[in-house]
Amino acid sequence: MESHMFGKWDYTVFGVMVAVSVSTGIYHAIVGRHGRLEEYFLAGRAMPFFPIALSMLASFTSIITMLGASGEAYRNGIMWVLNEIAHSVGKVIDMCLLLTLLKRLNLSSPFQYIEGRFKSRLLTLIVTVASCVHNMFYMSVILFGQGMALQAVTGLSTVASILVTSAAAVLYTSIGGLKAVIWTDVLQYTLMFTGILAVTIKGTIDVGGVQEIWSRVKSGGRLTFIYDFDPTIRHTVWTVGIARIFNPLGILFRPAYLQRIAATKSLTDARRAMMIGLLCSPLFGILCVISGLVAYGYYDYKRCDPVASNQIDKSDQVLPFMTIDIFRNMPGMPGLFLAALYSASLSSLSSGLSALANITWEDFVKPRVSAMSDFKQMAVAKISVVAWGIAICCVAICVSSMKSIPLLQIYYSANSIIAGPMFSLFYLGAMFPFVNTRSAFVALLVGISFLTWLVVGASISPGVRKTPPLPPAPTDHCPNVNLTLPYNMVTLNSTRDDLRQYTGSGLDAFYSISYILYHVFGFLIVQVVGVVLSLATGGNKDGVNPLYVRKFFFWRSEPEEEHVMTSGRFADTSDAPVEGPSGSNDEGQTESFITNRVF
């Protein structure tokens, strides 16, 4: 085990990286003009598209991707690569349908859209609280993931790691605002990509090249694609490659994403930033999957599986563990890779903290207080960052008790309860002008209730199907280890037999549905319930502000309403943003309404 511990050069490299991140926040606090909240939360709405693109990538390419995707590939094979492709397809759909609408509304918080579209304070409050809970859980899983990584290579406890990381992210986010977060993200994404690429190349060279890795991965059954239509199988081509398209739908309404769109200079810059993300995001995800396959090939070559031999707790830790192995004769390189993992945590955490603080001001404080001085506004913003940091830290410590469940499954299972129905609600409002507020409210509650029942049932039901992992690498060359895990008894044939032999029925079979499908259910339930109820209750009799609806050829509006959208300052629809509920022109405008001709 001595070869898997950090040395002084590794700690030095790692420490320098953390210091640079915090220094970036301090630098922008000194040179930036943070007298106004727009500068603090939205970087003055004047950021170039390239740093925004890298910030989007860093914020949503978290340690869940780096550790989760590599651990999934190590444990279950290459099929997760289809997720990266499906996710990009979903992002393309989202960009085509929603980007123009959101940029023209000029929103800084997605919940301003809910209030403007449905005109309901109660619905807005429910969605806002649900989103805050969703973001807290997302960031707590990220903290837990980096805690596992640090524990695998330094021996630092998960709780201590969570506390240190939270403190670093809170410090530079509260001091420097969004501009500090964005420029730090640029540095961190570069480090993340460099680190994962270096580990993948070095691991491949140590085993003997690409062909040798390919041969070992193939013999271990990790190049298999499952085409079975059985929805209770954990991962199949259809669930990972098709159903996952639904997951990024509505991603533009995620607070951190919308915050970056609002920080760009124009619609053109927002599109450029998203296009760079569409090209780079799947490449990084696929590289993480490849790194997991290389890790399996490496430990098959070494004939000492670290999970099966109890050297690490779970496959999500295999990448940092292998890093210490392959770079043990190159002081500082393990520190560089751990810095890359740490960057993935810091970027996502700082982005989320900034977005939550913005939500606190825009949706909770600003509507309920009288005029405040700029100094007091900034104080509220910075206190919000600290408060959210403490809350997320506490949730992360609770999440750290779920060590037996793969990182990806922890996140996507719990995340679907809120994310699927909530993002579907935004689509419901944007795509269907005839949907009324009551129908949308009922649809959201039905979606969240159904998924809560499904996820809780799947967690406690004793008859739920458990798809075993693929067989581990050999362990006959492991020195002085305790081989006691039942995981060692898994064989390739027994894994394949399990796919055919499950005979569960009733609720057990229902609860056994793949966690990948949870998000799809949540999204579709809200769409179907919202549309059907609205049709049954006479549609949206009060009309809807045309600024809040995506225009299609089959939604017709009155001629004078078309004039509102194309006259005056709105005549140029290419780049000019429309002042939405947070802008200065909203109150002065006469509201126009789209009327669906069917009703």
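Predicted model: local features only at pLDDT ≥ 70, side-chain atom pairs only at ≥ 80, totals over all residues.
Aspartate 300 belongs to helix H12 and arginine 216 to helix H9, so the pair ties together parts of the chain that are 84 residues apart in sequence. Both aspartate 300 and arginine 216 are buried. The pair is also part of a network of salt bridges that links Glu212, Arg216 and Asp300.

The structure holds 11 salt bridges. Another of them joins arginine 260 to aspartate 185, with 3.6 Å between the closest N and O atoms. This pair links distant parts of the chain, 75 residues apart: arginine 260 is in helix H11 (residues 255-263) and aspartate 185 is in helix H8 (residues 158-207). Arginine 260 counts as buried because its relative accessibility is 0%, under the limit of 20%. Aspartate 185 is likewise buried, with a relative accessible area of 0%. A further salt bridge brings together the side chains of glutamate 362 and lysine 366, at 3.9 Å from N to O. Here glutamate 362 is buried, with a relative accessible area of 16%, whereas lysine 366 is partly exposed at 43%.

## Cysteines and the disulfide

The count of disulfides comes to 1. It is formed by cysteine 304 and cysteine 478, whose sulfur atoms are 2.1 Å apart. Cysteine 304 lies in the loop between helix H12 (267-302) and helix H13 (318-326), and cysteine 478 in the loop between helix H17 (437-460) and helix H18 (492-501), so the link ties together parts that are 174 residues apart in sequence. The angle about the S-S bond is 125°, and the link is right-handed. Cysteine 304 is buried, at 10% relative accessibility, and cysteine 478 is buried as well, at 13%.

Cysteine 398 has its closest cysteine sulfur in cysteine 394, at 7.4 Å. Cysteine 398 counts as exposed, with 54% relative accessibility, while cysteine 288 counts as buried, at 0%.

## Glutamine 527 in helix H20

Glutamine 527 is placed in helix H20 (residues 516-536). The residue is buried, with a relative accessible area of 13%. Its side chain reaches the backbone oxygen of serine 424 at a distance of 2.8 Å. Apart from neighbours within four places in sequence, glutamine 527 is in contact with Ser424, Tyr427, Leu428 and Phe432.

## A nonpolar surface patch

Phe225, Tyr227, Phe229, Trp238 and Ile242 make a nonpolar surface patch of about 560 Å². Of these residues, tyrosine 227 is found in the loop between helix H9 (210-219) and helix H10 (237-241). Tyrosine 227 is exposed because its relative accessible area, 53%, is over 50%.

## The chain as a whole

The protein chain has 21 helices and 0 strands. Of its 599 residues, 59% are buried. Among contacts between residues at least 6 apart in sequence, 87% join residues at least 24 apart. The accessible surface of the chain comes to about 23300 Å², and carbon and sulfur atoms account for 64% of this area.

Conventions. Residues numbered from 1 in each chain as written. Heavy atoms only, no water. Patch = residues over 30% accessible without salt bridge, like charges linked within 9 Å, V, L, I, M, F, W, Y side chains within 5 Å. Areas by Shrake-Rupley, 256 points an atom, 1.4 Å probe, with all protein chains shown as cover. Salt bridge = Lys/Arg side-chain N within 4 Å of Asp/Glu carboxyl O. Helix = DSSP H or I, 4+ residues; strand = E, 2+ residues; numbered from the N terminus. Buried < 20%, exposed > 50% of the residue type's maximum accessible area, 1.4 Å probe, protein only. Contact = heavy atoms within 4.5 Å. Polar contact = N/O pair within 3.5 Å; in protein donor to acceptor, adjacent residues only side chain to side chain. Disulfide = S-S within 2.5 Å.
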